[in-house]
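Please load the model in the viewer and keep the selection panel at hand.

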Amino acid sequence: MKRFLPLLLAGAMLVGYPAVAQNAAPDLAFDGDVNFLKTPDNVYLGEVGGVATNSRGDVFVYTRTGHPFVSLGGARAFAHGGSQLYQFDRNGRFVREIGKDAYGFMFANQVRVDPQDNVWVVDQMSNMVIKFDPQGRLAMLLGRKAEAINIPARPAAAAAGGGEGGGGAAGAPGAGRAQDIFDRPTDVAWDAQGNIFVADGQGNARVAKFDKDGKFIKSWGQKGSGQGQFDNVRSIAISAQGDVYVADGNNHRVQVFDNNGTFKSQIANLGNPQAICMTTGANPMLYVSNSNPPNDIDKAGEIYKMKLDGTIVGKFGRAGKAPKEFGTVNAIDCRSENNLLVGEIGNLRVQKVTLR
């Protein structure tokens, strides 16, 4: 039989929000276009987990478009479906769907495009990071989707009648493992040498580093609020020098590490940073979203623009549903410093932002 897989959205998205950060950051003038992407009549965006562009300006959206479901068979349960990856051209016209019915597509959390135009998706429910080449062919898998998930135990009376309680099969999701098994990953980034950094992120609280071929190198981080500890790892970005910037959700900071995970500094006074993006070039900028929580769409919502040393240049936007307002931002694409794409979970959209 088939049943819909329940999604604990409050836990899977964003919880524990503080008041909006209070600082003297100036407001930046900007325009917001909520109709930039044109989907066919039978294609809709759900909660937008990720948005990214390649070197040609093509736009990739990884979106939660339906409910995963579970096929039950004896003591094992197999989960399927729930998210889709769409490609649009630079003008917002729909091009194609990539990876239709892919094994690892369940609960979209992020999409990123690397310098070689490979497209990487991060799926929080399948615990996988999936790489597609520029042609849309599967190229690499990191992590592992559990072959089975726990079936809830039967009531005591039923078990006494000859049935056995439904314990989980081997490989069921748990606390995650020390190396290359993830527990609800959230983001992925690369350094100049092609090393891969995974924010393993919601169930675990660490950053995992792999070489360019996907071989595990090391990881760092654990639950806590001290230096090098995380409440959760929501998003990461890497500078040209190899420093790793980590959005430490609910600890109200962005932590900065060297390429091997040694703590260097932290940036606070940003509210509760959830989505980050770093530009390239001679004077890179960091964008950080103080994303509003799903249970209070009128709180927070602004996006900060800052230098890599933490100096705030300004902020723009606020929580809400209208254009130039944001509903639980989970992704920012900043390939161009003043032309951004913002993926919103709460408003089921991608908003094109132009800073003036």
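This is a predicted model: local features need pLDDT of at least 70, side-chain atom pairs count only at pLDDT 80 or more; totals for chains, interfaces and linings use all residues.

A cavity is here a set of grid points where a 1.4 Å probe fits but cannot get out.

Select Asn54, Arg56, Phe60, Gln87, Arg96, Ile98, Asp117, Val119, Phe132, Asp133, Pro134 and Gly136 to display the lining of the largest cavity. The space inside amounts to about 60 Å³, and the lining comprises five nonpolar, three polar and four charged residues.

Keep Asp117 and Arg56 selected: their side chains form a salt bridge, 3.9 Å from N to O. Asp117 belongs to the loop between β9 and β10 and Arg56 to the loop between β3 and β4, so the pair ties together parts 61 residues apart in sequence. Asp117 is buried, at 10% relative accessibility, whereas Arg56 is partly exposed, at 43%.

Next, select Glu325 and Arg318, a salt bridge whose closest N and O atoms are 3.0 Å apart. Glu325 is buried, with a relative accessible area of 14%, while Arg318 is exposed at 55%.

Then move to Asp31 and Arg356, where the closest N and O atoms of the salt bridge lie 3.2 Å apart. Asp31 is in strand β2 and Arg356 in the segment after β27, 325 residues away.

Finally, select residues 196-200 (β14) and 206-210 (β15), which pair in the antiparallel sense over five bridges. Within this pairing, Ile196 has Phe210 of β15 as its bridge partner. Both strands belong to an open sheet of four strands, ordered β13-β14-β15-β16; β13 and β16 form its edges.

Technical notes
Residues are numbered from 1 along each chain as its sequence is written. Side-chain values use heavy atoms; hydrogens and water are left out. Two strands pair if DSSP finds at least two bridges between them. Helices (H or I, at least four residues) and strands (E, at least two) are DSSP runs, numbered from the N terminus. On a 1 Å grid over the protein atoms alone, a cavity is a set of points where a 1.4 Å probe fits but cannot get out, and a pocket is an open set with protein on both sides within 12 Å along at least five of seven lines; lining residues have an atom within 4 Å of a point. Grid points are joined across faces, edges and corners, and a volume is the space filled by probe spheres set on the points. Ala, Val, Leu, Ile, Met, Phe, Trp, Tyr, Cys and Pro count as nonpolar, Asp, Glu, Lys and Arg as charged, and the others, Gly among them, as polar. A salt bridge is a side-chain nitrogen of Lys or Arg within 4 Å of a carboxyl oxygen of Asp or Glu. Buried means under 20% relative accessible area, exposed over 50%, partly exposed in between (1.4 Å probe, protein chains only).
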